[in-house]
Amino acid sequence: MSETDVQPERISGVVGDRIAGAVLLVLAVAAWSYSFNFTAGFMQPVGPGVFPRLVCVPLGVISLYLILRPGFNQRWPHRAALIRQGCALALLTSYGAFLEPWGFLPASLVTVILLIRLFGARWKPALVCGAVLTVGLYGLFEFALGMPLPNMPGLDW
Amino acid sequence: MSILKRARHGFAAAAFLGAGLALSSPSQALPIDECIAPADPGGGWDFTCRSVGKLLRDLELVDGSVQVTNMPGGVGAVAFANVASERSDDSDLIVATSTVGMTQIAQGQYPGGADTMRWLAMLGTDVGVILVDDESEYQTLDELLDDMINEPDSLAMAGSSGAGGWDHIRALMLAKAAGMPADQISSVKWVQFDGGGPAVTQMMGGHVDVVSTDLGEIAGFIESGDVRVLAVLSEEPLPEPFEDLPTATSQGYDVTGYNWRGFYTGGDVSDDDYNAMVETLQTLYDSDEWKDVAQQNGLVPLWRGGEDFDDFVRQSIENVQEVSREIGVIE
Amino acid sequence: MDTLAFLAQGFAVAVEPQHLFLALVGCALGTLIGSLPGLGPVNGVALMIPLTFNFGLAPTAALILLVSIYYGCMYGGRISSILLNIPGDEPAMMTTLDGHPMARQGLGGKALGLSGVASFVGATVATIGLTLFAPLLVGVAIQFGPAEYFALFMLAFATIGGVTSGSLSKSFIAACLGLLLGTVGLDSVSSVPRYTFGWFEIYDGIDFIVALVGLFAISECLLFLEDTRHSDKPTLKLGSALPGMRSAWQCRSTITRSSFIGFIAGVLPGAGAALGSFLSYTLEKRWLGRHGKFGQGDPRGVAAPEAGNNAAAGGALIPMLSLGIPGSGTTAILLAMLLSMNITPGPLLFEDQPEMVWGLVAALFIGNVMLLLLNIPLVGLFARVLRAPGWFLMPMVVMVAFVGIYSLSNSAFDLYMMLAFGVLGYILRKLEIPTVPVVLGLLLGGQMEYNLRRAMSISSGDWDILWSSGISVGIYAFAATLIVAGLLFNWLVKQSR
C-alpha cells in the first residue's frame, strides 16, 4: 500500500544483489559448518544436522549464482526516508521494552502518538487519533476478545 | 543481528523492572487466578489448564475466573524458565505439567531441577498401551517381544515422543524386562509422530508395526476394533470399558508406565500459600465434576498432593534418569 | 439414504432462529478476528470456547457458533490480504499476490466479491465431498506414509518458482532461507537445540505467525514511511463488490480445479490449508501459462487460492472427524472444542453420533451461505475504513499486529522478532526477493524434515524408501513433468521470437 500513483522504480541490482548473495553465501556456509555441532540424536539414522545441510547446499549454490548473475532491485530509500524508518524501528523497539513495566495504556498512548506524527500527521490529529486508537484497541482486546493486556503497575481491575 | 541484540538488552531490562515491581508489592495471597499452559492451545497441557480452570470457577473455589496463559516453548522449558526467574513467589499461579515435563527435567532439558519449583499435586493419570494393527501377526505381548529380541531391526515402533522420550522409554522398559541385552536395545527402530492418533493411523496404513502411547488419545481406535492392545502398562486392570485389556504385569513383565497430569508453582511460594493451594486442588479432585471430566478424557482420577507428590516427583525423576542412562539416552 | 435423512434433520436444527442468529454473530466476529493481522482461526476458536461455557450454550448451539467463527476467520484473512497486502493468517498469504495488485488498480471491491464467491464454492465443494466420500477418502489418506508426505512437500517446493513473476532463482533462495529458518529451535526427535544460541524463546522454533506479520505488515509500514507526503489522502479506492460476482463466473473453471486440489490437500493430515492454497495457485499458474497475468492482478490469481484454502479447510475436517487427527493448527482447536463438548472424534464418530456429524455439516453449509451474504455489506464497511488517511491506517495496522502477536505468547521477545522480520522483509522486497516462499519454507519445512527422518528411521537409513511406493513415484513424476513442461514452454517461446 505504498503510493498508488507512483510505480516502484526498478534499478540494476549489480551492487545490491551481489551484497545479498555474499551475505547469504556466508550464511549458508556458516549454517553448514555449525550444523556439525548438533550431536547425532539417540538412535536416529538421520541426525538433526542432515536436513539443515541439505538446505544449505542449494542456498549456497543459488547465492553464488546471484553474485555472478545479479538481477534487478527496487529503488533504495533516500536518507530522509532511512531516518524515518530508523526512528519508527527505535520507537517500536522501546514500545516492546516498556509495554510490560508501564502497562498497555500509557506505553501504547505514547507510541501511537509518536508513530502517527512520524507518518506525517500534525500534533492535534495525532493526539486525538492516538488516544482514540489506544482506547479502542484496549477495549477490543481486553473486553470484546477477552485477551488480557498488561495493566498499569499498581492499577488492577 | 544488532537489533536482536538490542532487543535482548531491552528484554533483560523489562524483566529486571518486572521483577523489581513484583518484589516491592507484597505478593497476592490466594485464590489461584492464573494457569500457565506451557504449550499452544489445543494440546494436553492446554486442556489441563482449561478444564481445571473452568472447574475451579464452577465449584466457586476461586473469585472470578482463572485466566489461562499459553506459554509454548521447549516442551515446557520456556514457562519453567519464566516462572523460575520472574514469578517464583507468585502464589496465585499454577503451571500445568505431566510425566512428559518430568522426563524433560530428568534428562536435563529444563533450566533447573525439581528443587526449582514446588510441586502441588497430580489429579489424574493416563496410562500407556502397546498396540498393533488388528490384522497384525502378533496376538500376544510374548510373540511381539520374542520377535523384538530375535530380530530387533525387523520392527518399527512408533509413538508421540521423541527418541528417548516417555513413550519410547516405556516400550524399551518392556523389552528390557523381556531380557533384551542392553547393547541390542538401540537396534529397535523408533519413529516419532505428532501424537498418538497420527501414530496409530500410520500403523493402520502399514507404515509402522507397533505403537506405544497413552490410552486416552486413541481410545476410539480400540473401541472400533481397528487396533489390538497387547499390553496396558498399569498395575491393575483398567475400569470399564477397558477392563478386558491385558496388563503387562499379568503377562509376567513387571513394567508400568503412567502419564500423570498435575501442577507446580514457583519455588519461593510460602508454606501457608502452598498448603492452601494444595487444599484447593484437593477439593476440586474430590468433586464429582472432576471425576466426570477426567473420565470423558480418558484419564483415571488419581490423587497425590503436597509433600507426598513432591516426594513422588523426585523419586520418578531418579527412576527415569536411571532408565535413560541404562538405555543410553543420557550419559 | 440414512446420510441424507440425518443431514435433513441437521438442517432443521440449524435453521432455528437462535441458531441462525448465532451463525450470524459467529461469522461477523470471525471475519473481524480473521482480518486482524496476527490473529487467525486458532485464536478465534480458542477464545470462544470459554465464552460458550459462560453463556451456557447447548452443544449444538455452541458448535454452530464455533464453526461459524472458524469459517469466518478463514474468510476474513483475505480481506487484509487484498486491501493492505498483509495476510490475516497463513492460508490467506497467497491471496496477496494478485489480490493486492487488483486493489491498487482500484478493483479492491471486485477482488473481495470474487474471493467471496470463490471461497463459497471451495467450501461448498469440500462440504459435499465430506458428506459423500468421507469413509472412502480416509482409506486413501492412511496410505500416505512418511515417504509419500515427503514427496508431496518436494512437489510443493519444486513448483515454488511459480509463486511470483520475478526471477526464479530468487524464489528458490527465499524458499531455502525459509527452510533454514524453519530448522531453528529444539529438534523434536533428538531434543538437540539448533541455531538457538541459548535463547529459550526460540526453543519452540520461529513462530510463523510472527514471521508472517513481520514480513508483511511491518515491512509494508517501512515501505510507506519512504514517502509520507501523500499520507493524508485516502489510501485506496475500493469500487463495488458486484463485478466480482460476474468475474467469478468467468473464473469458473479455475475455481473448480482449485477447489478439487485444495480439498485433496486438506484431506491429507499434515498438509493443511496453506499447502492447499499454495498448490492451487502455482498449479493454476502453470496450467494457464502465458494466458494469465499472474502477479499483476489477475482475477484467477485471487480465485484459485481462495477456492483452494477454503476447500482445504473443509477437507481437513475428514481426518479430524473420522480419525481424530488434526491436519492443522486450526483443526486442532476444533478438535479440542469437540472434546470439551464431550464429542470424541474417531473411527466410531460417524456410527455412534451421526446426528452430531450431520448437524456439524449443516452448520458448515449455513455458515457458508451467511458469509456469502455478509460479503456485500462488509465490502461497504471496509471501503469506509479505507477512507481513513494513511497516517492513521498504518499505525493502526502496526498496533494491531503488536497487540495480536503479544497476546499469542505474552512475551516481548516475539515483538522484537517480528520487528527483525519486518526489516528482513523490507530488504528482501527491495532486492525483489519474494517473501511468500520464506513463510512457506518456515511453515512446511518442519513437516518436510520430520517426514524425511521418519522415513529414514523406518528404513534404517536406506534412502531408497523415498521412491519405493507407487504414490511417491507418481508425485515425483508429476513434479518432473511440470518442471520439464515449464522449461520446454519457455524454450519454445524464445525460439518463436
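**View 1. Chain A and its two domains.** The C-alpha centres of domain 1 of chain A and domain 2 of chain A sit 37 Å apart. Domain 1 covers 10-74 and domain 2 covers 79-144, with bounds taken from an automatic or database domain assignment. Keep in mind that this is a predicted model, where local features need pLDDT of at least 70, side-chain atom pairs count only at pLDDT 80 or more, and totals for chains, interfaces and linings use all residues. Residues are numbered from 1 along each chain as its sequence is written, while chains are lettered from A and ligands numbered from 1 in the order in which they are written.

**View 2. How chain A is put together.** Five helices and two strands make up the secondary structure of chain A, and reading along the sequence gives β-α-α-β-α-α-α. Helices (H or I, at least four residues) and strands (E, at least two) are DSSP runs, numbered from the N terminus. Of the 157 residues in chain A, 39% are buried. Buried here means that 20 or more other C-beta atoms lie within 10 Å of a residue's own; exposed means 12 or fewer, partly exposed is in between, and the C-beta atoms are placed from the backbone. Take the contacts in chain A between residues at least 6 apart in sequence: 64% of them join residues at least 24 apart. Two residues are in contact if their C-beta atoms, placed from the backbone, lie within 7 Å.

**View 3. Zooming in on Leu109(A).** This leucine belongs to helix α4 (residues 104-118) of chain A. Leu109(A) has 18 C-beta neighbours inside 10 Å, so Leu109(A) counts as partly exposed. Skip the neighbours within four places in sequence, and Leu109(A) is in contact with Gly130(A), Ala131(A) and Thr134(A). Gly120(A) is 11 residues away from Leu109(A) in sequence and 17 Å away in space, C-alpha to C-alpha.

**View 4. Where the two domains of chain B touch.** For chain B, the domain assignment gives domain 1 (28-126 + 260-327) and domain 2 (127-251). Their C-alpha centres lie 27 Å apart. On the domain 1 side, 13 residues are in contact with 13 residues of domain 2 of chain B. At least two residues of that domain 1 side come from each of α4 (99-106), β4 (117-133) and α11 (306-327) of chain B. The largest share, four residues, is supplied by α11(B). By class, the domain 1 side has five nonpolar, six polar and two charged residues. In this scheme Ala, Val, Leu, Ile, Met, Phe, Trp, Tyr, Cys and Pro count as nonpolar, Asp, Glu, Lys and Arg as charged, and the others, Gly among them, as polar.

**View 5. Chain C meets chain A.** Chain C puts 61 residues into this contact and chain A puts in 63 residues. On the chain C side, the elements giving two or more residues are α8 (168-182), α9 (208-225), α18 (390-409), α19 (412-430) and α20 (436-459). The top contributor there is α18(C), with 13 residues. That side of chain C splits into 35 nonpolar, 14 polar and 12 charged residues.

**View 6. Chain C as a whole.** Count up the secondary structure of chain C and you get 21 helices and two strands. Of the 497 residues in chain C, 70% are buried. Among contacts in chain C with a separation of 6 or more, 79% are between residues 24 or more positions apart.

**View 7. Helix α6(C) against α10(C).** Helix α6 (residues 108-141) and helix α10 (residues 242-250) of chain C pack at an angle of about 50°, with their axes 7 Å apart. Axes are lines fitted to C-alpha atoms, for helices over the stretch in contact, and angles run from 0 to 180 degrees between N-to-C directions. The two helices are therefore oblique to each other. Angles under 35 degrees count as roughly parallel, over 145 as roughly antiparallel, 65 to 115 as roughly perpendicular and the rest as oblique. Residues making the contact include Gly109(C), Leu112(C) and Val117(C) of α6(C), and Leu242(C), Pro243(C) and Met245(C) of α10(C). By class, the contact has nine nonpolar, five polar and one charged.
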